[in-house]
Every structure is written in structure tokens, then in C-alpha cells.
Amino acid sequence: MEQRSQRQHLIEYIQDRYAAEPEYLWAKYPNYAVFRQPASRKWFAIIMDVPRKSLDLEGEGTLDVV
């Protein structure tokens with residue numbers, strides 16, 4: 001069985017539940033996924049990968065933040 005990341009699981013949930021596809025709007029931040037209401041095009045969620053140090057957490061790498 002293929003193991004999905006928490007990020008992929010969340011993206012699939014949003015697609016299934018809200019019929020919204022992720023949009024990747026910024027070249028500088030290629031992993032930032034924006035979700036919009038299909039009818040109004042207003043944002044309702046963004047998934048960002050944020051450096052742990054920016055969140056005042058120990059360790060290297062990033063965390064996905066919604």
C-alpha cells in the first residue's frame with residue numbers, strides 16, 4: 001500500500017470535500033498551495049512549508065502549516 005504524506009492527504013481531502021484544486025501562485029514559493037471556493041474564487045486555505053526556525057522550533061527542515 002502506498003503511503004501518502006500528511007500534506008497529500010489534506011490536499012486530497014480538500015479536493016474531495018470542497019471540489020477545490022490547489023493553485024501554486026508564486027515562483028518564489030513553489031510548495032505553497034492555495035485553495036479557493038470554486039464559485040467566488042475567494043481563498044479558504046493555504047498550505048505552506050515553513051522553516052522550523054521561523055516557528056521558534058528546534059531542528060532543521062520545514063513543517064507544513066495550514
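Good morning, everyone. A word of caution first: the model is predicted.

Let me begin with the overall layout. The protein chain has one helix and three strands. From the N terminus on, the order is α-β-β-β. Helix H1 covers 6–18, and strand E1 covers 33–36. Strand E2 takes in residues 43–51. Strand E3 takes in residues 62–65.

Now the overall dimensions. The C-alpha trace spans about 40 × 35 × 20 Å along its principal axes. The chain has 66 residues, and 24% of them count as buried. What about contacts along the sequence? Take the contacts with a separation of 6 or more: residues 24 or more positions apart account for 14% of them.

Next, the salt bridges. How many salt bridges does the count come to? The count is three. I will take them in turn.

Start with aspartate 64 and arginine 7. These two form a salt bridge, and their closest N and O atoms are 3.1 Å apart. This pair links distant parts of the chain. Are the two partners buried or partly exposed? Aspartate 64 has 42% relative accessibility, so it counts as partly exposed. Arginine 7 has 17% relative accessibility, which is under the 20% cut-off for buried. Arginine 7 therefore counts as buried.

Leaving out residues up to four places away in sequence, glutamate 23 touches Tyr32, Ala33, Val34, Arg36 and Arg41. Keep Arg36 and Arg41 from that list in mind.

Here is the pair with arginine 36. The side chains of glutamate 23 and arginine 36 meet in a salt bridge of 2.9 Å, N to O. Glutamate 23 is in the loop between H1 and E1, and arginine 36 is in strand E1, so the pair ties together parts 13 residues apart in sequence. Both glutamate 23 and arginine 36 are buried. The side chains of these two are also joined by a polar contact of 2.9 Å.

Then the pair with arginine 41. The side chains of glutamate 23 and arginine 41 meet in a salt bridge too, at 3.0 Å, N to O. Arginine 41 lies in the loop between E1 and E2, and glutamate 23 in the loop between H1 and E1, so this pair ties together parts 18 residues apart in sequence. Arginine 41 counts as partly exposed because its relative accessibility is 43%. Which residues end up in one network? Salt bridges that share partners join Glu23, Arg36 and Arg41.

On to the aromatic rings. A search of the whole structure finds six aromatic pairs. I will show some of them.

One of the pairs is tryptophan 26 with tryptophan 43. The pair is edge-to-face, with 5.8 Å centre to centre and 70 degrees between the planes. Tryptophan 26 lies in the loop between H1 and E1 and tryptophan 43 in strand E2, so the pair ties together parts 17 residues apart in sequence. Tryptophan 26 counts as partly exposed, because its relative accessibility is 32%. Tryptophan 43 counts as partly exposed, at 45%.

Leu25, Trp26, Tyr29 and Trp43 make a nonpolar surface patch of about 380 Å².

Now for phenylalanine 35 and phenylalanine 44. These form a tilted aromatic pair. The rings are 6.4 Å centre to centre, with 45 degrees between the planes. Phenylalanine 35 is at 0% relative accessibility and so counts as buried. Phenylalanine 44 is at 31%, so it counts as partly exposed. Which residues do ring pairs link into a cluster? The cluster holds Tyr13, Tyr18, Phe35 and Phe44.

To recap: one helix and three strands, three salt bridges and six aromatic pairs. Thank you.

Definitions and conventions:
Residues numbered from 1 in each chain as written. Predicted model: local features only at pLDDT ≥ 70, side-chain atom pairs only at ≥ 80, totals over all residues. Heavy atoms only, no water. Helix = DSSP H or I, 4+ residues; strand = E, 2+ residues; numbered from the N terminus. Polar contact = N/O pair within 3.5 Å; in protein donor to acceptor, adjacent residues only side chain to side chain. Contact = heavy atoms within 4.5 Å. Patch = residues over 30% accessible without salt bridge, like charges linked within 9 Å, V, L, I, M, F, W, Y side chains within 5 Å. Areas by Shrake-Rupley, 256 points an atom, 1.4 Å probe, with all protein chains shown as cover. Salt bridge = Lys/Arg side-chain N within 4 Å of Asp/Glu carboxyl O. Buried < 20%, exposed > 50% of the residue type's maximum accessible area, 1.4 Å probe, protein only. Phe/Tyr/Trp six-rings, centres within 6.5 Å; stacked < 30°, edge-to-face > 60°.
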